Amino acid sequence: NPGPPPGPLADPGLKLVNDAAHPYQAPRPHLDHRGPCPGLNTLANHGYLPRSGIATPAQIVQAVMEGFNMENTFAKFVTYAAFLVDGNPITNLMSIGGKTWRTGIIEPPPPATVGGLNTPAMFEGDASLTRGDFYFGDNHSFNQTLFDQFVEYSNIHGGGFYNLESAAELRYRRIQQSFATNPEMSFVSPRWFVAYAESMFPILFFVDGRNHDGPWSNLTMDTAESFFKDEKFPDDFHRAPAPFSFEGLGYLVTSRPMPPGRNVGGAGNYIPDPNSADLNSFCKISMNCDPLFVSNIVRALVYASNDVVRAKKTIRREVTIGERGGTKGAWGQCSYAAC
Ligand code: HEM
Ligand code: MG
């Protein structure tokens, strides 16, 4: 029993978080997992999360509160939504990057998945700010061309800052780019909500708490580069001065409206999806999520639990081989059947 998730911080105020107890260390190649989320990658690089990138949901909730002052209820909502589709409820572990035996079995009977946050069309999705669409090959690594566009839009629309204005324009631009070029582009709930929320995260969480103005904060390009590219707290970085969640999301949605939809039959053939939840029909989100999040994936994973004992033995063997520098294969590249 993993126990209840962490409650709110006892002292959720301004705090130096790039402190001596949390030094930056680059992830170790082939050992530490990093993925599509610059926030979680940064927390792992500073030891707020296990540096391996393999964490329990409780560790993630605690780390996003400690390191960035994400509000407790929202942190739990985001973490457990991702965990249900990308994590392993039996071992209570999730990779913040790619699929790995270190979270338990990696090929449970379909439709269950335990692929980590890199898994496309689960929690990760299209039209990300600084990562490409899965259709183009890499949905999780920092993409310099997209970051250049982030800087360009911040200069044109935000007076040199990433703020509400530039975030609204860039969110819209990334959706248009994906629709125009990616024949498999999908932008329906829950991705629709996640994309708008993530566009607010750099404003709410990457701005130093000493210069914070809630959703009206201005993110400098140096600080943006530190988080998105280096996945590192800037020197002397202080977290937000109070808990935040997705404040400002409504402004992004309404200033540049884009109804949920997807390309059907090729790039540029955008078909709105009236069945997808949006801001006017938030309750539909349970319809969009339930068959995927709970009924299918979690249940199938539980049925797979008979295989867990066998899987645990295999993991132990793989870890031993990996730590000895053996040649059995890089993390996550070995299929369940093959092992
Ligand atoms: C993106 C997971 C918390 C900042 C993502 C993505 C995932 C993810 C899967 C990729 C989605 C996509 O764009 O395709 C999570 C989980 C969290 C969490 C499970 C647990 C609470 C945070 C926090 C921050 C953050 C606390 C900020 C400090 C971002 C940003 C992006 C992102 C800015 C967008 C990256 C981009 O579009 O280039 N997150 N995240 N996340 N996350 Fe997180
Ligand atoms: Mg993405």
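Contact means heavy atoms within 4.5 Å. The exercises below use this term for a predicted model.

**Exercise 1. Find which residues of helix 4 are buried, where they sit around the helix axis, and what covers them.**

Solution. 
- Step 1. Locate the helix. Helix 4 spans residues 144-158 and has 15 residues. From its first C-alpha to its last it reaches 20 Å, close to the 21 Å expected at 1.5 Å a residue.
- Step 2. Apply the cut-off: a residue is buried under 20% relative accessible area and exposed over 50%. The buried residues of helix 4 are Leu146, Phe147, Gln149, Phe150, Tyr153, Ser154 and Gly158.
- Step 3. Look down the axis. The buried residues of helix 4 fall within an arc of 150 degrees, so they line one face of the helix.
- Step 4. Turn to the other side of helix 4, where Thr145 and Ile156 are exposed.
- Step 5. Name the cover. Helix 5 and helix 7 (221-230) are among what covers the buried residues of helix 4.

**Exercise 2. Describe the open sheet of 3 strands and state which strands stand at its edges.**

Solution. 
- Step 1. Recall the pairing rule: strands of a sheet pair through backbone hydrogen bonds, either parallel or antiparallel.
- Step 2. Read the order. In this open sheet the strands come in the order 3-4-5, and the pairing is antiparallel.
- Step 3. Find the edges. Strand 3 (186-187) and strand 5 (270-272) each have a single partner strand, so one side of each has no neighbour in the sheet.
- Step 4. Examine one pair. Strand 4 (residues 261-263) is joined to strand 5 by 3 bridges. Within this pair, Arg262 has Ile271 of strand 5 as its bridge partner.

**Exercise 3. List the protein donors of the magnesium ion (ligand 2) and of the iron atom of ligand 1.**

Solution. 
- Step 1. Start with the magnesium ion (ligand 2). Its protein donors are Glu124 (OE), Gly125 (O) and Ser128 (OG), at 2.0 to 2.2 Å.
- Step 2. Compare their places in the chain: these donors follow the spacing E-G-x2-S.
- Step 3. Check accessibility. Glu124 has a relative accessible area of 8% and Gly125 one of 7%. Buried means under 20%, so Glu124 is buried and Gly125 is buried.
- Step 4. Go to the iron atom of ligand 1. A single protein donor, Cys37 (SG), lies 2.3 Å away.
- Step 5. The buried residues of helix 1 pack against helix 2 and helix 7.

**Exercise 4. Identify backbone features at Asn69, Asn92, Gly47 and Pro190.**

Solution. 
- Step 1. Asn69 has phi near 65 degrees, a positive value in a residue other than glycine. Asn69 lies in the loop between helix 2 (57-68) and helix 3 (72-86), and is buried, with a relative accessible area of 1%.
- Step 2. Asn92 is not a glycine, yet has a positive phi of about 65 degrees. Asn92 lies in the loop between helix 3 and strand 2 (94-95).
- Step 3. Gly47 follows helix 1 and has a positive phi near 80 degrees.
- Step 4. The peptide bond from Ser189 to Pro190 is cis, with omega near 5 degrees. Pro190 is found in the loop between strand 3 and helix 6 (191-205).

Definitions and conventions: Residues numbered from 1 in each chain as written. Chains lettered and ligands numbered in written order. Predicted model: local features only at pLDDT ≥ 70, side-chain atom pairs only at ≥ 80, totals over all residues. Heavy atoms only, no water. Donors = N, O, S within 2.8 Å, 3.2 Å for Na, K, Ca; no water. Buried < 20%, exposed > 50% of the residue type's maximum accessible area, 1.4 Å probe, protein only. Pairing = 2+ DSSP bridges. Helix = DSSP H or I, 4+ residues; strand = E, 2+ residues; numbered from the N terminus. Expected span 1.5 Å × (residues − 1). Arc of directions from axis to C-beta.
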